[in-house]
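Here's a quick walk through some of the strands in this one. Have the viewer open as you read.

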Amino acid sequence: MEEKILGKVSATEKNPSTVDDFYFWTKSGIILNPFDIVKVEHINDSVTYGTIESISHVTDSASHLSSFISSEFGEINETADGNTDRLAFNYVHVKIVGNDKDIYTPVLHGKCVTTCSVEDIKKAYGLDKVKNGLPCGYLEMYDQKIPVKINADFLVGPDGAHLNISGISGLACKTSYCMFLLNAMQQKYSKADLSEEGNKTAAYVIFNLKGQDLLCIDKQAQVSDEVKKEYDLLQMNPEPFKNVLYLYPYSKIEENHHMQTFGNWDEIVHSQWIKEKATIFKYTWDSCKERLEYIFTNEDIDDKAGTMASVIAYIESEKEPFRNIGSWDKFKTRLNELLNNKALVQDSGIPLVSWKKFKRIMDKVLCDEVFCDDVSSDSKQVVLSESLQGIKPNEVRVIDIARLDEKSQAFVFGDVIETLNKMMSAKNIDGMPDKIIVFVDELNKYASKDVPKSSQILQQLLDIAERGRSLGLILFSVEQLRSAIHDRVKGNCATSAFGRTNFVEVSNTDYRYYGDTYRNMMTRLSRGYYIISNPALRSLMKIKFPRPVYIENK
């Protein structure tokens, strides 16, 4: 790409050059865009790079009234000549992103500002020095497509960890972008030479919360030539996920039909079943008895006095009548026994009204057939937590919770997070991956600012956000409104991606350090575009990512 002079640095009394930014003038006919990288020759044969933040067009007219008068008092005919031929030009505000010799004195007035070559653009952003690179998309600049790789060490450790993606529903394509990054990670880590020091293994746990959205991620979709070129540019294979196991919640209907009764897509799920890519998970009493608190984490359960916590603690201590319970039927029988025995209620020290409230909530949750005993290995049934303990490097577990009740979803999520946390803390399972990446959609359900501090799920997420990097447990999270997420969760995410959002959201304090140009750009990003922030990059970057190459069941 041939470099072209755009204009010259303009340092005035009102708008001087500083160590952070500068201005330059350019002819009004030259096409430039926000986020374009430009360069200026600086002192000691150094080069200063900057990214365009805003572009203004001015004339020598003193006011809009002068412009009106000079155009024959408002003549709007395009062929009419005005009385005054106005001088016009553009001036551009540039934010400095770096200097190749780390010289940060202000650029000098009158220096030529030029476009950048591909090598210059990579050098400006620090892409030329990225280690352990992971494809995250590509730049579109000066009619060029430039692949972008971020340092995976800042995404999954050891230098940083966790990813947060935000944007409005639909237009932002949040799930698609997260799945693209996970696909890139699986391809990267599957190719790693484990004989080399420092190379790690990874596995992936994905929650499916929306219909059939993520239940065909190993099935190849038709890929256009244009999308293939995008994957070639990023040095990726245009192929779906591999080594995928789908875990579906148990129900009596599916038990006798071998996973065939799934609406209008029986063939796909039946194929998964035949090829042993799918199994059914259950929750027995023994697997749940020490984790009942996850059922009571929703903000709609008002338990400021902590009475539900007291009930759960009483049951877990196996006091009368909750000794030797081995099934859900016995649990429900013993609970009714207590409610009908005033002496037992009085001995528990917990008001009867609290026991009744506990029973109402449990009765609703236990309507989900996933809470049942008698796990049959012959029918490909598993206890979910036990199944996860067998995850191996490069494997993907997709846990379908879309059809469960909201409280049951919360329970499954809490159980999975605690299971993985304990696994990675102990690291006592043979063949366990070095890292497990967990994809959580709709993070606001479990880690918003409105979730009670007593929520056990919130506490688990805070623990992962703060300790997960050292444990190898990494959180990839997605939500519509970043401003609504708990500060300790999003604050510990080393990498952030911002898709299309709205004006109300970008007016929140979370976005105040990004500047007006970036905030305004977030409100008009097209599908497939993201503004990303990563510690290894010298500036925010607008990138585009290719479409997923697996079948999307919207």
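This is a predicted model: local features need pLDDT of at least 70, side-chain atom pairs count only at pLDDT 80 or more; totals for chains, interfaces and linings use all residues.

## Around strand E12

Ile 280 sits opposite Gln 381, a residue of E13. That pair belongs to a parallel pairing in which 3 bridges tie E12 to strand E13 (residues 381-383). A quick word on terms: strands are DSSP runs labelled E of at least two residues, numbered from the N terminus, and two strands pair if DSSP finds at least two bridges between them.

E12 also pairs with strand E11 (residues 244-249), again in parallel, through 4 bridges. Here Tyr 246 has Ala 278 of E12 as its bridge partner.

## What's covered in E12

How many residues of strand E12 (residues 278-282) are buried? The count is 5 of 5, so going by the cut-off (buried means under 20% relative accessible area, with a 1.4 Å probe and protein chains only), the strand is mostly covered.

In a regular strand, side chains alternate between the two faces of the sheet. In E12, Ala 278, Ile 280 and Lys 282 point one way, Thr 279 and Phe 281 point the other way, and all are buried.

## The barrel

Elsewhere, 6 strands close into a barrel with antiparallel pairing, in the order E1-E2-E5-E4-E3-E6. From one strand to the next, the twist averages 40 degrees, with angles running from 0 to 180 degrees between N-to-C directions of axes fitted as lines to C-alpha atoms.

Take strand E3 (residues 37-42) and strand E4 (residues 46-59): they run antiparallel, joined by 6 bridges. Val 40 has Thr 48 in E4 as its bridge partner.

Residues are numbered from 1 along each chain as its sequence is written, and side-chain values use heavy atoms, leaving out hydrogens and water.

Key
Buried means under 20% relative accessible area, exposed over 50%, partly exposed in between (1.4 Å probe, protein chains only).
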